[in-house]
Amino acid sequence: MRAKISYAITAAVLVFYFVLVGSRGVLLIETGTVLTVTFGVAVLILPVIGLWFLWKNTQFVRRANQLAAQLDAEGGLPVDELKRTPSGRVDRSSADEVFALRKAETEDAPGDWRSWFRLAVAYHDARDTPRARKAMQRAIALHDGKHAEAA
């Protein structure tokens with residue numbers, strides 16, 4: 001729940017920032033000189049790119065959460081079998097062991113979105129965020145019936 005609240009606050013701050021930047025861009029355009037109009041248009045492009053990125057990221061998180069809910073309802077969410085340090089951080093060797101199991105599971109069933117979801121969790125636990133995101137994108141695509149490129 002804390003992650004959802006943090007995400008909502010961050011998104012709200014970003015939207016506020018985009019509105020503020022966008023209004024400055026409009027003010028620059030209203031000035032009417034070639035230089036200020038050029039800068040105004042350039043300034044307006046930044047919030048558009050930011051809003052697009054925020055929207056795509058929000059859609060990704062929403063879809064990943066839907067898959068997690070479905071997998072939970074099926075009883076297929078990965079069990080937290082990781083060893084932790086006294087500070088509570090995941091032990092790297094433990095994460096590597098679980099990752100090897102999840103990778104083998106995915107290699108045995110490359111068309112199963114559930115195995116890709118569990119692999120994404122293992123990548124995340126191993127602190128490999130880019131690969132975790134790609135594996136989750138693959139899980140989403142397989143769940144939706146799309147043929148994603150190999151991750």
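**Salt bridges and pockets: reasons for the labels**

Biologist: Why does Glu105 count as partly exposed?

Modeller: The relative accessibility of Glu105 is 23%. Buried means under 20% and exposed over 50%, so Glu105, at 23%, counts as partly exposed. This is a predicted model.

Biologist: What makes Arg102 buried?

Modeller: Arg102 has a relative accessible area of 12%. The limit for buried is under 20%, so Arg102 is buried.

Biologist: How do you know that Glu105 forms a salt bridge with Arg102?

Modeller: The closest N and O atoms of Glu105 and Arg102 are 3.3 Å apart. A salt bridge needs a side-chain nitrogen of Lys or Arg within 4 Å of a carboxyl oxygen of Asp or Glu, so this pair is a salt bridge. The two residues are 3 apart in helix α3, which means a separation of about one helical turn.

Biologist: Why is the pair of Arg114 and Glu74 called a salt bridge?

Modeller: Their closest N and O atoms lie 2.7 Å apart, and the cut-off is within 4 Å, so the label applies.

Biologist: Which residues line the second largest pocket?

Modeller: Arg63 and Asp144 are among them, as are Lys56, Arg133 and Lys146. Two or more lining residues come from each of α2 and α5, with α2 giving the most, 5 residues.

Biologist: Why do Lys56 and Arg133 count as charged, and how does that lining divide by class?

Modeller: Asp, Glu, Lys and Arg count as charged, so Lys56 and Arg133 do too. The lining divides into 5 charged, 3 polar and 3 nonpolar residues. The volume of this pocket is about 260 Å³.

Biologist: What is the volume of the largest pocket, and which residues are closest to its centre?

Modeller: The volume is about 730 Å³. Of its 22 lining residues, Ala3, Phe60, Val61, Ala64 and Asn65 are the closest to the centre.

Terms used
Residues are numbered from 1 along each chain as its sequence is written. This is a predicted model: local features need pLDDT of at least 70, side-chain atom pairs count only at pLDDT 80 or more; totals for chains, interfaces and linings use all residues. Side-chain values use heavy atoms; hydrogens and water are left out. On a 1 Å grid over the protein atoms alone, a cavity is a set of points where a 1.4 Å probe fits but cannot get out, and a pocket is an open set with protein on both sides within 12 Å along at least five of seven lines; lining residues have an atom within 4 Å of a point. Grid points are joined across faces, edges and corners, and a volume is the space filled by probe spheres set on the points. Helices (H or I, at least four residues) and strands (E, at least two) are DSSP runs, numbered from the N terminus. Buried means under 20% relative accessible area, exposed over 50%, partly exposed in between (1.4 Å probe, protein chains only).
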